[in-house]
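Thank you all for coming; I would like to take a few minutes to walk through one model, contact by contact.

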Amino acid sequence: MSQYIPKTIEEPLVESWEKESSYKAKDSSSSKKLYVLPMFPYPSGAGLHVGHVRNYTGTDVLARFFRMNGYNVLHPIGWDAFGLPAENAAVKAKKNPMDMVPDNIKTFQRQMKRLGFSYDWSREFSTSDPEYYKWTQWLFIQFFKLGMLYKKEMPVYYCEFCKTGLAEEEVLPNGTHERCGKPIVRKTLPQWVFNITAYADRLLDDLEGLDWPHGILEMQKNWIGKSEGAEVRFKLVSGPASEQPQHKNSPCRATCQQHEIKVFTTRPDTLFGVTAVVLAPEHELVKKILKNHIKISINYYKDIQKYVEQAGKKLDLQRTDLNKEKTGVPTGLFAVNPVNGEKVPVWVADYVLGYYGYGAVMLVPAHDDRDFAFAKKYGLKIKYVISKNTTLLRPAERDYGGQVEQSKNGSKPYTGYGYMIPLKEVETFFEDSRFFKNPVSSQDFHAMVVKKLEGLHIGKRQAQYKLRDWIFSRQRYWGEPIPMVHCEKCGWSSIPEDQLPLELPYIKSYEPPKTGESPLSQVKSFVKTTCPNCGGEARRETDTMPNWAGSCWYFLAFSFWDKEKANSKSQIPRFAKATPGEPSPKKIPNPNNQNSNLFGIWNLEFGASIKKWLPVDWYVGGAEHAVLHLLYSRFWVKMLYDLKLVSFKEPFLRLRNQGMVLGPDHQKMSKSLGNVINPDDVVNEFGADTIRIYEMFMAPYNQEIAWSTHALQGGYRFLKRVWNLYEKGIENSDLRIKNPETKELNLKLNKTIKKVTKDIEELKFNTAIAAMMEFINEWEKQIQNSKFKIQNYNSKGKTKKPDNNGTIQQLNNSFSTYHAKRFLQILAPFAPFITEEIWKNTFKEKASIHLSRWPQVEEHALMDPEVVIPIQVNGKVRTVVKIKHADMTKESVLEAALKDEKIQKYVKGKSCKIHFVPGRIMNLIVT
């Protein structure tokens, strides 16, 4: 019998599968399609880690399972190669990313093939391939023409370490960059910006019906952050200090230009409780104050100037921290509350953000925790207008203007809904002296006051979003060049399609300059160009796209990509290598260039494939991409839908997350902690099947696990047991069923097939493997029982001397070739190498086990067989009972035995000891 040595069987199979293109998806197949996709990997220099292995093994199990169930499966892989991680690594290594990234990809390719992932390698591409990012650039141009991109000076998050602006989504809650972990600051830079907010409602509404984890759906909803309410306009005025005695300084009595302050509120029912208006430091009125366009006293001016400067150094997350004490400064100006004409002071406070709503809020201290704390700190008026119940709404108390509620509840705000406190100013506003004849709920009042505001043209129904427009520029080298040029006469224009791709030049010095511009700005040969409209001098955009650009649509490209065709028939007009200060590089002529109508190429050549394969049926990856990648991809698909380039509105029908793999010390794997596990080391020692089995078995797929080499060895022992069972069985070609135990084993097999089938579909990989381990236990147990019978009984039922040489024949009598193959097939998605080896070399099958049909459950075999149990009394058989196999317990057998009259006459009224061999015999010893 041969030994189980994984390396000797796995490496040849890798070559065989690749040579035979065993897993290539068939565009022309009429079989049901299934698109199984792991999230796009970034090819780091360190290669795969065991966390990658868990994600990719899970999707590979699904792909193999559905392939065996008759589906035409698309299971591709590619590389998210552009972006800051690759560039930072290249800077550290003092190499150009163009030289480093291809080597990283080769390492990933080798590791993935060695792990047996069944990818369609014919569709492989990298986002840094010019032939791929030609289309990324083309899509950018289409979105620009759609009106979804604009260039603007923006106050942006900026990473001093990476020397680039960032989108809001790339900043972690602790105020650090999600890529490098360094602190973030604010800067104002010219940026390309996507108008993603125009799609906010669709991004929110279309979440309905998606088969995604609840937590991910909630994160998307919270990030979009839709709030229903009202827009209300307060007129800005100046006023004497005597009108607001709590202010120590008088505002400047100079002319105050008439301005309106728009506020958005989700609680218009609290409008009569407004006691101040608070502006964000970024608000336009604050800028006008600091530019002296609105005159205020010098004392207020200096305080505001200093305060705005300090606020500019804080991140939004710090400013809005609910646990942080709120700060602010008065302006000396006032705003008129449109519902009651009351003048309320205007303040500046950094807990109000200039990029949410209108950058201004109405202060209602009596009914908001944050406003209450602010008002208490600065001595602002607190006016209650809502009561929790109707007990304080007696007519005699109506003239107190809410002060009754304040005196009873002045130590804290009431933030819930309830009933409006009767106020004369409310009756005046509604011109109805009987408005409070009956209690008015605050919910009803909400609708009433908005309707009245709209009628008076001083407010309207409104929805606001937390979602901000997406900053799409990066001041770095390693990314897709933005295909735009600027002409002083014509403004911004996209480059002609026949000039795509605008290729990234190879340069020696690509580190970001101190100016804050992209390194490409230093390459004169790249920057200088001509305007596509007027032919005059123009300047290329030197910012590059963020690393999200290529991953926003890669799932579409896999449907039509042909690696061989893309490499051999490139339509790319390539730039020669350039360095700063050199003359403009010349384009190398390409006779295959036919880019005159890329829109037509997309529709005619790519459209059918996209329609066939998309949307993605199974999308699997880490929960850390809940907002960034998933939100951006959904947004791009919706724009493509509007451009009629795709026929669906959502890219991923079903989303699942895999749990993280921690180090043996239960901490996140990190080189600095020395707890990183290299899958190459594991594969070399235990084999690829072992690490696959281990990572699928240790815990539910969506839960994190800590690496354990000891537990890993359990997976190896399981596979070794499987190997030994099949290796023993092949030494005799006669595997016909002869023993009654086989019915029980067949029942167990069919139950296992049923469970494994259901568990894979539900991604319960750990319980599927547990069921197969239980079956192996039962199989080995039946072998031992068969061995006992053969060794201790001759053909006439007489005892004989044990024959230890009968092991092979005993195994063969316990299970058949047919059944053995069925178990091997359900193990195949998890352990592709060992199963393929046994399938071909043990059973001499010519076609791959992974292209065989998944075994169907034999329903008749699931009918629970009856087992005949001899019942002895003092060692002599007196009767037999029949028991369902599933009911086989000591208690059930004893109960059936005691009902038999033959047994009753021996044991009635007597005590006895019971010896029971499950499934074999019961002996009642009467004492």
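Predicted model: local features only at pLDDT ≥ 70, side-chain atom pairs only at ≥ 80, totals over all residues.

Let me begin with a question: is Glu208 buried or exposed? Glu208 is exposed, because its relative accessible area is 60%, where buried means under 20% relative accessible area, exposed over 50% and partly exposed in between, with a 1.4 Å probe and protein chains only.

Residues are numbered from 1 along each chain as its sequence is written, and side-chain values use heavy atoms, with hydrogens and water left out.

Side chains of opposite charge can pair when their charged atoms come close. A salt bridge here is a side-chain nitrogen of Lys or Arg within 4 Å of a carboxyl oxygen of Asp or Glu, and the structure holds 41 of them. In one of these, the side chains of Lys221 and Glu208 meet at 3.9 Å, N to O. This pair links distant parts of the chain, with Lys221 in helix 7 (residues 214-224) and Glu208, 13 residues apart from it, in the loop between helix 6 (200-205) and helix 7; helices are DSSP runs of H or I with at least four residues, strands are runs of E with at least two, and both are numbered from the N terminus. Lys221 counts as partly exposed, because its relative accessibility is 27%.

A second salt bridge joins Glu650 and Arg634, at 2.8 Å from N to O. Glu650 is in the loop between helix 20 (628-642) and strand 21 (655-657), whereas Arg634 is in helix 20, 16 residues apart, and the pair is again one that links distant parts of the chain. Both Glu650 and Arg634 are buried. Through salt bridges that share partners, Asp206, Arg634, Lys638 and Glu650 are joined into one network. Elsewhere, the side chains of Arg461 and Glu454 meet in a salt bridge at 2.5 Å, N to O, and Glu454 counts as partly exposed at 27% relative accessibility.

Next, the aromatic rings. Rings of Phe, Tyr and Trp (its six-membered ring) pair if their centres lie within 6.5 Å, and planes under 30 degrees apart count as stacked, over 60 as edge-to-face and the rest as tilted. A search of the whole structure finds 74 such aromatic pairs. Among them is the edge-to-face pair of Phe40 and Phe558, with 6.2 Å from centre to centre and 90° between the planes. These two residues are 518 residues apart, Phe40 being in the loop between strand 1 (33-38) and helix 2 (50-68), and Phe558 in helix 17 (residues 554-560). Phe40 counts as buried at 11% relative accessibility, and Phe558 counts as buried at 1%. The pair of Phe374 and Tyr378 is tilted, because the ring centres are 4.9 Å apart and the planes are at 55°. Both residues lie in helix 11 (residues 369-378), four residues apart, about one turn of the helix.

Now to the cysteines, where a disulfide is a pair of cysteine sulfur atoms within 2.5 Å. How many disulfides does a search of the whole structure find? The search finds zero. Cys162 is in no disulfide, although the sulfur of Cys180, its nearest cysteine sulfur, is 3.6 Å away. The closest cysteine sulfur to that of Cys180 is in Cys159, at 3.5 Å, which is too far for a bond. Cys162 is buried, with a relative accessible area of 0%, whereas Cys180 is partly exposed at 22%.

Finally, helix 9. Which residues of helix 9 are buried? They are Tyr300, Tyr301, Ile304, Tyr307, Val308 and Ala311. These residues lie on the same side of helix 9, because they cover an arc of only 140° around the axis, taken from the directions from the helix axis to the C-beta atoms. The face turned away from that buried side carries the exposed residues Ile298, Lys302, Lys306 and Glu309.
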